[in-house]
Structures are given as structure tokens and as C-alpha cells.
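Good morning, and thank you for joining. Please look at the sequence and the structure as they are shown, and I shall then take you through them.

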Amino acid sequence: MTGRSIIVWCLATLVVLTGIASARIPRELSEILNPDEQQLLDRMQHDLHLSGIEIWPVKDFRPRAISFTNAETGIYIIEFDVEWFRSLPAQGRKGLLGHELGHAHQPDDVMKPVIADLAADRFAAIYSGPESVIAFLNVLAQDDWFDKNDIRTRIKYMEHVRTHQRPLQKRQN
Ligand SMILES: [Zn+2]
């Protein structure tokens with residue numbers, strides 16, 4: 001190969017690799033979230049001491065959203081169905097974000113996943129209010145993929161929180 005064809009070959013490879021990478025590269029948060037939601041995410045990221053948050057959009061994804069920490073980078077990843085997210089009522093979008101960040105706070109109990117979900121809902125309620133969580137749970141309740149009993153339990157719990165919620169105290173530093 002001549003020097004020139006090696007360069008052309010390298011460039012072509014680079015283009016292909018960039019194409020493959022971009023399929024997995026997270027989209028800019030600002031493309032998906034409005035400023036309000038972005039602010040909410042920033043606050044939770046700060047409080048949870050996460051080194052970053054990325055959203056990985058996926059299509060036709062059940063259970064709609066999952067989240068996990070990239071152990072290598074410490075970046076928290078929320079993988080979700082963006083079209084579905086956009087279809088949620090405004091309040092429900094906040095509830096979902098709070099819920100997913102709540103999973104960063106509470107490790108999953110694989111035996112009783114609903115407990116992890118209750119804890120994640122509780123976390124969300126602190127940041128965006130129980131109403132926002134109920135708004136997204138009402139959407140899940142219409143979806144046969146989800147266990148109706150689990151969703152009912154979660155809605156009931158949020159109704160309880162709504163009734164008995166105490167004002168938050170600012171931490172004294
Ligand atoms: Zn969950």
C-alpha cells in the first residue's frame with residue numbers, strides 16, 4: 001500500500017468506527033430534557049455525589065427505563081425509551097427521573113424488586129413531590145407489561161407519602 005492509500009484506509013476505518021460508536025454514544029441531555037428537568041437532574045447528581053449522568057436512548061424498550069452505574073467511570077447511566085418519555089405528562093417525566101436516580105441511592109433487592117422501586121419512588125417524591133411519581137405510575141398502570149399489584153402498591157405508598165409528607169429540613173453545615 002502506498003502512504004496515501006494507508007491514510008485513506010485509516011480515514012475510512014475511522015469513519016466506520018465513529019459510526020459504530022455513535023450508535024451507543026449518549027445523546028446530549030439538553031436534546032431530551034427541558035431546563036427544569038435538567039436542573040432537577042443536576043440537583044440529584046450533586047446530592048448523590050455522582051460524577052456524571054448520561055442518558056442512553058433506546059427504542060421500544062421494556063421496562064421503559066433502567067439505570068446503573070458504569071463502574072469504570074462512575075457515571076450514572078439511565079437507559080430509556082425516549083419516545084415514551086416524551087409522551088409522559090410533564091409531572092410524570094420528573095417523577096421518572098427522580099425514580100431512576102433513586103436507584104442510584106438504593107441498591108436493588110433482586111428477591112423483592114418492588115422494595116427497590118418503593119425506595120426509588122420515595123427518593124423521587126423528596127425531589128419532585130409524590131404527585132410527580134403518581135403521574136408516571138398511572139401511565140405504568142395502563143401498561144400490561146407491568147405487574148398490576150406492584151404498581152398498585154407503589155401508588156398506594158405515594159398516596160400515603162402525599163398525606164403524611166413532612167416539610168424537608170435543610171441540612172446544617
Ligand atoms: Zn425502578
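Let me begin with a residue: leaving out residues up to four places away in sequence, I53 touches L41, Q45, I75, Y76 and I78, where contact means that the C-beta atoms, placed from the backbone, lie within 7 Å. This is a predicted model, in which local features need pLDDT of at least 70, side-chain atom pairs count only at pLDDT 80 or more, and totals for chains, interfaces and linings use all residues. Residues are numbered from 1 along each chain as its sequence is written.

Is I53 buried or exposed? I53 counts as buried because it has 22 C-beta neighbours inside 10 Å; the cut-off is 20 or more other C-beta atoms within 10 Å for buried, 12 or fewer for exposed, and partly exposed in between, with C-beta atoms placed from the backbone. The C-alpha atoms of I53 and L29 are 8.8 Å apart, although 24 residues separate the two along the chain.

I53 belongs to strand β1, residues 53–58. Strands (E, at least two residues) and helices (H or I, at least four) are DSSP runs numbered from the N terminus. β1 pairs with strand β3 (residues 76–81) in the parallel sense over 6 bridges; pairing requires that DSSP finds at least two bridges between the strands. Within this pair, E54 stands opposite I77 of β3.

I turn to the sheet as a whole. Its 3 strands form an open sheet of mixed pairing, in the order β1-β3-β2. β1 and β2 (65–69) are at the edges with a single partner strand each, so one side of each has no neighbour in the sheet.

Next, the helices. The axes of α6 (residues 113–128) and α7 (residues 130–141) come within 6 Å and cross at roughly 125°; axes are lines fitted to C-alpha atoms, for helices over the stretch in contact, and angles run from 0 to 180 degrees between N-to-C directions. α6 is therefore oblique to α7, as angles under 35 degrees count as roughly parallel, over 145 as roughly antiparallel, 65 to 115 as roughly perpendicular and the rest as oblique. D121, A124, A125 and S128 of α6 meet P130, S132 and V133 of α7.

Finally, which residues touch the most other members of the largest nonpolar core? Among its 26 residues, they are A124, V133 and M158. Such a core is a set of buried Ala, Val, Leu, Ile, Met, Phe, Trp, Tyr and Cys residues joined through C-beta atoms within 7 Å.

Terms used
Contact = placed C-beta atoms within 7 Å.
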